[in-house]
Amino acid sequence: MGYSVREQPFDFSAHTLWAFPIFGAGVGVMGLVLLLLFRSPTASSGTALIVCVAGVLLFEILAWKVGIGARIPGTTFRNDANLIAVRGDGPVSTWLVAHVDTKAQAQSMAGRLISIWVVVIAVVALILLAGWRLVSGAPLSFAAAGAGAGIALIAAVFATGSRLQGSSPGARDNGTGLLAVLSAAEERPDGTLGIILTGAEEFGLVGARHLARAEPTLFRGTEVVNLDTLADRGDFYVISHNSSAVPLANRLQARLEALGLPVTQRRLPMGILVDSLAVARLASAVTVARLDWEVLRLMHTPRDTGQGLDPGFAEAVGRLIGRSFRSGQTV
């Protein structure tokens, strides 16, 4: 298609995926420790609350360090790369982004979202029980204290599902996004459309974050459209991360509604990460996606195959975005 492509190599730790299980395990440990403090007649009434808050912060910091890929002794690193493609000498006004990696875990994306909410509920429950212990000044009943510990242990078990297990073809996540980007490139005749194919997105947006750190000027004065999971069913979304991206989201919504589906604008839901988030402070950046709960149940599992998937919608999205630039106009 006349693009020149360069690689931007980087290395990363696959242990980033242990961040959530580590935090979940920490919640389980806190549940057992607090069970003793909730029931103890000798512990001061504020001890449980102090231990609870300090424990949450401690395990949150530890999980954050692991999640951002901190070089922890004993961890192994993998090599990957971003692909940056431009056509001609013209300045790029819009970057289309798609990640090319996939992964399989012990639980699907739907399972991970449930796990995150279970962990959040467990943390809130422990904090409320610690506050109750402080206000009442007396040991909690075994039923109340035991319920808190039980919820915390359940949360720890749920969190272990984020570990790697098996492999996934990644037909929906993100074969469909890659198809849309390449379809748009076929429609675009000039050099104002650039393409970025990121690696290691599934390990915490590693490739996009590396690109944002290494080449922030790449995004100066541009708009970024990330295409991630464009299945043939579900709700159609344009996701923005801050107010500066709203004008782009509005224009893109108007264009995409030509496909005959309602398009909803929203912010990124808790528990899901997309590459546009990594560059949102550098440029107007949005993500376009289409999915529902059934699609989420397939993502990050060996069942995310091309069987039963019509790629026509993803191709149509890409070609529509590509045609939007033919006259030199932005989306």
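Across which strands does helix 7 lie? In this predicted model, helix 7 lies across strand 5, strand 6, strand 7 and strand 8, and its direction runs at about 40° to that of strand 8.

The strands belong to an open sheet of eight, arranged in the order 1-2-4-3-5-8-6-7, in which the pairing is mixed. Strand 1 (4-13) and strand 7 stand at the edges, and because each has a single partner strand, one side of each is left without a neighbour in the sheet. From one strand to the next, the twist averages 20°. Helix 6 (residues 206-214) also packs on the sheet, where it touches strand 1, strand 2 (77-86) and strand 4, and its direction makes about 110° with that of strand 1. In general, the strands of a sheet pair through backbone hydrogen bonds, and the pairing may be either parallel or antiparallel.

Both kinds of pairing are found at strand 6 (residues 235-240), which is joined in parallel to strand 7 (residues 263-267) by five bridges and in antiparallel fashion to strand 8 by six bridges. Between strand 6 and strand 7, the chain passes through helix 7 (residues 246-256), and this β-α-β crossover is right-handed. On the side of strand 7, Phe236 has Val263 as its bridge partner, while Ile239 is partnered by Arg266; on the side of strand 8, the bridge partner of Asp235 is Leu291. Five of the six residues of strand 6 are buried, and the strand is therefore largely enclosed by the rest of the structure.

In soluble globular proteins, nonpolar side chains tend to be buried together. Here the largest nonpolar core has 29 residues, and those with the most contacts inside it are Leu227, Leu230, Leu256 and Val288. Among the elements that give two or more residues to this core are strand 5 (223-230), strand 6, helix 7 and strand 8 (284-291), together with helix 10 (312-323). Helix 10 gives the most, with five residues. When residues up to four places away in sequence are not counted, Leu227 touches Val97, Ala98, Asn174, Gly177, Ala180, Val181, Val288, Val317 and Ile321. Apart from this core lies another, of 28 residues, which includes Phe20, Ala48, Ala63 and Ile116.

Ala185, which has its place in helix 5, has a relative accessibility of 0% and therefore counts as buried, the cut-off being under 20%. With residues up to four places away in sequence again left out, Ala185 touches Met1, Tyr3, Arg87, Leu193 and Ile195. The C-alpha atoms of Ala185 and Ala19, which are 166 residues apart along the chain, are separated by 36 Å.

The length of helix 3 (residues 109-136) can be compared with expectation. At 1.5 Å a residue, its 28 residues should span 40 Å, and the end C-alpha atoms of helix 3 are 41 Å apart, which agrees with that value. Just after helix 3, Gly137 takes a positive phi of about 70°.

Terms used. Residues numbered from 1 in each chain as written. Predicted model: local features only at pLDDT ≥ 70, side-chain atom pairs only at ≥ 80, totals over all residues. Heavy atoms only, no water. Pairing = 2+ DSSP bridges. Helix = DSSP H or I, 4+ residues; strand = E, 2+ residues; numbered from the N terminus. Right-handed = clockwise from strand over helix to strand, strands pointing away. Expected span 1.5 Å × (residues − 1). Core = buried A, V, L, I, M, F, W, Y, C linked by side-chain atoms within 4.5 Å. Buried < 20%, exposed > 50% of the residue type's maximum accessible area, 1.4 Å probe, protein only. Contact = heavy atoms within 4.5 Å. Axes fitted to C-alpha atoms, helices over the stretch in contact; angles between N-to-C directions.
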